[in-house]
Amino acid sequence: MNDMTPTREEREARLEGMGCKRKRVEDVRFTQGKGNYVDDVKLPGMLHGDFVRSPHAHARIKSINTEKALKIPGVLAVLTAETLKTVNLAWMPTLAGDVQMVLADGKVLFQNQEVAFVVATDRYTADDGINAVEVEYEPLPPLVDPFKSMNSDAQILREDIKDKKDGAHGPRKHPNHIFEWTVGDKDLTDAAFKKADVTIKELISYHRVHPSPLETCQCVCSFDKVKGELTIYGTFQAPHVIRTVVALIAKLPEQKIHVISPDIGGGFGNKVGAYPGYICAAVATIVTGKSVKWVEDRMENLTTTSFARDYHMTTEIAATKEGKVTGLRVHVLADHGAFDACADPSKWPAGFFNIVTGSYDFPAAHLTVDGVYTNKAPGGVAYRCSFRVTEAAYCIERGMDILAQKLGMDPAELRLKNFIKPEQFPYHSALGWEYDSGDYATAMKKAMETTQYAALRREQAAKREAFKRGETREIMGIGVSFFTEIVGAGPSKNCDILGIAMFDSCEIRMHPTGTGIARMGSKSQGQGHETTWAQIIATEIGIPADNIMVEEGNTDTAPYGLGTYGSRSTPVAGAAIAMAARKIKAKAQMIAAYKLEVHEDDLEWDIDGFRVKGLPEKFLGMKDICWIAYNSPPPGLEPGLEAVSYYDPPNMTYPFGAYICVMDIEVDTGVYKVRRFYALDDCGTRINPMIIEGQVHGGLTEAFAIAMGQEIHYDNEGNVLGGSFMDFFLPTAVETPHWETDFTVTPSPHHPIGAKGVGESPNVGGVPAFSNAVNDAFSFLGATHIQMPHDFWRNWKAAKQLGLIKDAAFAA
Amino acid sequence: MIPGQFQYYRPATTAEAIGLMAKLGDDARPLAGGHSLIPMMKLRLATPEHLVDLHGIASLKGIRREGDRIVIGAMTTQHDLLASDEIAKMLPILHETSLLIADPQVRYMGTIGGNVANGDPGNDMPALMMTLGATYHLEGQGGVRQVPAAEFYQGAYFTALEPGEILTAIAVPTPAANHGYAYEKLKRKIGDYATAAAAVVLTMSGGKVATCSIGLTNLSETALLADEAAKAVIGTSLDDASLKRAAAAAEAIMSPAGDGRGSPEYRKYVGGIMVIRALQHAAARAK
Ligand SMILES: Cc1cc2nc3c(=O)[nH]c(=O)nc-3n(C[C@H](O)[C@H](O)[C@H](O)COP(=O)(O)OP(=O)(O)OC[C@H]3O[C@@H](n4cnc5c(N)ncnc54)[C@H](O)[C@@H]3O)c2cc1C
């Protein structure tokens, strides 16, 4: 070897493969403002569409008069339900097996519902058109409180299905009932509760929030009448699913539909579903023969396209007096709004909420979920979490704290006592899941040591005494949360969307000069796929990540996949990438064997090429193999070096983590300060630690927002409040706490590279950590459960209810 | 979130602007930084047919001393106020308050004139101007008027501005060199209006409050001057009992709306706390 020969470390480093903090390649364009988003798509002669929306939460439509609007120069068309009926598109199927009005048909069921679609030559004229459409409403009493949905005297909201006794998920108990979903062993659970020394019962609500990505939902539809082809540029997290859905409902041949998701400015579940805007823009382009753009504004986004949560969870835990949990019983009242438009795998009306046993070894559990209609916007999407998993984690993590309080035990100690033990994996939970791997106690203890948990508790005890003596008006809370996620939907045996199995895919094409392009069925919305996917390939086949171009989002070129949400990309597409790369490597090995004149078995892989075992100087690098593959392949072997892999995962993956939050609250104003937030995540094999950290920071910031202020609130009339960023809490850098991140590594045993997915963990684990901190702060004053969000005002209200605020405080 | 149609004008002098306002009538509105008006137009809560942009009028901008007063042109931005050494030295409370308004982007555009003329109880400058005893210079076809800030506000978005009038400048009496000051603002986040805020300017003499004025933001339909609260502390050393009396007197005149920031009850309560904190803070700063 001469001086120029790179060392093994140098060769390894040059690949920038798995484990490397590779800088995000997509940021080169994003930081220069050179991203290409849907609103950047400008086609010649493009028209703009926008909606007339309902001011009422519940009303009958007496008439819609479009005459004046159509007289405005530049307004070309106004679509209503009547127009859409002529193409059979006044209603559309939802992913949850319900149907949803595209444009109000006879009545409106939530405020801001889409009533008419005005198409004009520019956005301004479209808005003038909207203001000129005259709609006459007859207001009906609104149904806002989900606890009243199934009252015998409740207004029937969905007249279209009022006589349907069965919904997509079985029998309905009331015209406003959507489904009942039951899991677990009722008798065993009842018996556990009968025998229990200690039980708790609490209504734990997870309020209505919204994913609010930076970029709202939008699309450009363009119909080529001559070719009969429809091109849709859209902010889709799952472009292939959109193509198939459009083929099914618009009755167009699927090969004539081109769906393109360009750069996406965040999705968080908001961009999985199909919305009236897409359908209307598609119909409008077919009707007018011109391209039509629809771009939601912020208020439309917050108030119409896909809220998240609105779960009211009555939670009961049974335990021994030593603090061993013996049973879990949960009833959920799920407020789905006016249509069931959840974006869950089709057979899972409450998503994977049955992960609600969490990280604990519950011998018995029973879960019932009732979904109901109200006069609110539809949705119920997985806002930065796997399907209903953040709800489940919040439920059990609050429940465990409430139990600890009742037992007079430390909440961390109670968790340690009940964790599923490493030797129990693969673990079969009482509600039907098979957890793949975990080492919970190690993670919890590391978190406690790093944060000096015992010292924090001592400090808290001293502060509580000082508070009682009247020396301070500040209280201190320590929030502990230990979550287990379930991600990577999913195995075709139990996961599909509208019958489409939830596999994912990758196609790799190597070029003769030793570079390549890789395409996937996933779709990044900011997660950094262009960076990390190339890293997996780099490690697998020894080609530097910089020489692999990653492309997603164009259904004409990308292999079919189910898209990106529910932390499924690494568990499913990531596996497909490794498997496709291994096919490339297998062919490369045949080529190397032929060229090095040995048997394949006599070769060993060495970072970036094959070496003859025992003869270190006989080496053929991957770059050279690429050239040979095209230009002088072994006799009998096809030229070229490409592979496709479709991956149907054998199981879900189960990331977990231990979070600790330290918070101080001033009772007189309710103002809180997050003093410290520590997040330990175990997502199995770590592909790019820097991206993981970024994902954790982002997810924690969203968790902070949700727990401490974000809310889509409705008044008694069904008016949506919090529909703008003035009131919907989106923290700035100033409010956002400092995040400390940490990790352990417990690889997934069934995943080709052992990775589990991390993007959603911080939201799932973060929300209970914040909420537990607030509840912990108030617990010594007699509180058991204070509902989220914990904004200043609500904290003050909690203090007032506990008698800490005197009515006549300032009377001298 | 798209405004309706409007005509745009950019006069070069105050006289020209006043002429335009008179000619265009009721459907004309002056446009300053646009950071209150344009959002309202996008929501179509405001639908002016004519916008008279004041940015072309050089004389409306700037900060100058006129005897014992500081005169600030209406088109002076909140950023200009923050960048001014004169303001930092002579009117430090104006510096402190400006920093608590929104974020740098808003402050680059938003003007002091727009802030006080807007008549929104959520704006921070009106209560401060009342506390400082400022006077507004209004100019219309009928000539020039001077209206004290304390008499300017009549209701939410209702002010003493007559149709066709423009606010040209704000004159603030220079506070005593030894004065203490504080603007205490409770808000949910950067970029939010006050849940409750209090402005205090006072002087101390021999450990006792000699003079004091207190203003309140977003605790009623308009900014308020809390005279009784101020009286309650004059002559005291700001002991607990006097502070509480002041807070109670301030609370007595508050009638905030309930909104996402809190119930009226909460806003009054924290309003009282802002008064106490501003008094304590101001006293600590007084020389
Ligand atoms: C996100 C955000 C947060 C904000 N937070 C705060 C805050 O915390 N505190 C705060 O005080 N403000 C806040 N503001 C408002 C901001 O300070 C505005 O800039 C200010 O209220 C209005 O000033 P402007 O120059 O933008 O006026 P414009 O919006 O142009 O005008 C406001 C009104 O005053 C009238 N007007 C303007 N100038 C004159 C004049 N010379 N003569 C007569 N009439 C005139 C206009 O016709 C209009 O009716 C916020 C704004 C935004 C967008």
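**Ligand**

I looked up Lys185(B) and found one of its polar side-chain atoms 2.8 Å from an oxygen atom of the ligand. That falls under a polar contact, a pair of N or O atoms within 3.5 Å; within protein, one must be able to donate a hydrogen and the other to accept it, and residues adjacent in sequence count only if both atoms are side-chain atoms. The protein covers 93% of the 970 Å² of accessible area that the ligand has on its own. Accessible areas here follow the Shrake-Rupley method with a 1.4 Å probe, and for residues only the protein chains shown count as cover.

Before going on, I note that this is a predicted model, in which local features need pLDDT of at least 70, side-chain atom pairs count only at pLDDT 80 or more, and totals for chains, interfaces and linings use all residues. Residues are numbered from 1 along each chain as its sequence is written, chains are lettered from A and ligands numbered from 1 in the order in which they are written, and side-chain values use heavy atoms, with hydrogens and water left out.

Back to the ligand. Asn123(B) has a side-chain N or O atom 2.9 Å from a ligand oxygen atom. Leu37(B) uses its backbone instead: an N or O atom there lies 2.7 Å from an oxygen atom of the ligand.

I then listed the shell, where a residue is near if one of its heavy atoms lies within 4 Å. There are 30 residues around the ligand, and Pro30(B), Gly33(B), Gly34(B), Thr111(B) and Asp124(B) come nearest. By class I read 14 nonpolar, 12 polar and four charged. Nonpolar covers Ala, Val, Leu, Ile, Met, Phe, Trp, Tyr, Cys and Pro; charged covers Asp, Glu, Lys and Arg; the others, Gly among them, are polar. In chain B, β2 (28-31), α7 (112-117) and β10 (166-173) each supply at least two residues of this shell. Helices (H or I, at least four residues) and strands (E, at least two) are DSSP runs, numbered from the N terminus.

**Where the chains meet**

I turned to the contact (heavy atoms within 4.5 Å). Chain A gives 29 residues and chain B gives 35. About 2,700 Å² is buried between them, with carbon and sulfur atoms giving 63%. Buried area is the accessible area (1.4 Å probe) that two parts lose on being put together, summed over both.

The rule finds five salt bridges across this interface. Each is a side-chain nitrogen of Lys or Arg within 4 Å of a carboxyl oxygen of Asp or Glu. I looked at Arg188(B) with Asp727(A), where the closest N and O atoms are 3.0 Å apart.

On the chain A side, α5 (123-132) and α19 (792-801) each supply at least two residues. The largest share, five residues, comes from α5(A). That side has 15 nonpolar, three polar and 11 charged residues.

**Elsewhere in chain A**

The partners are 598 residues apart: Arg8(A) sits in helix α1 (residues 8-15), Asp606(A) in the loop between β29 (603-605) and β30 (609-612).

I checked the backbone too. Phe425(A) and Pro426(A) are joined by a cis peptide bond, omega about -5 degrees. Pro426(A) is in the loop between α11 (411-418) and β21 (427-428). Another cis peptide bond joins Ala489(A) and Gly490(A), omega about -25 degrees.
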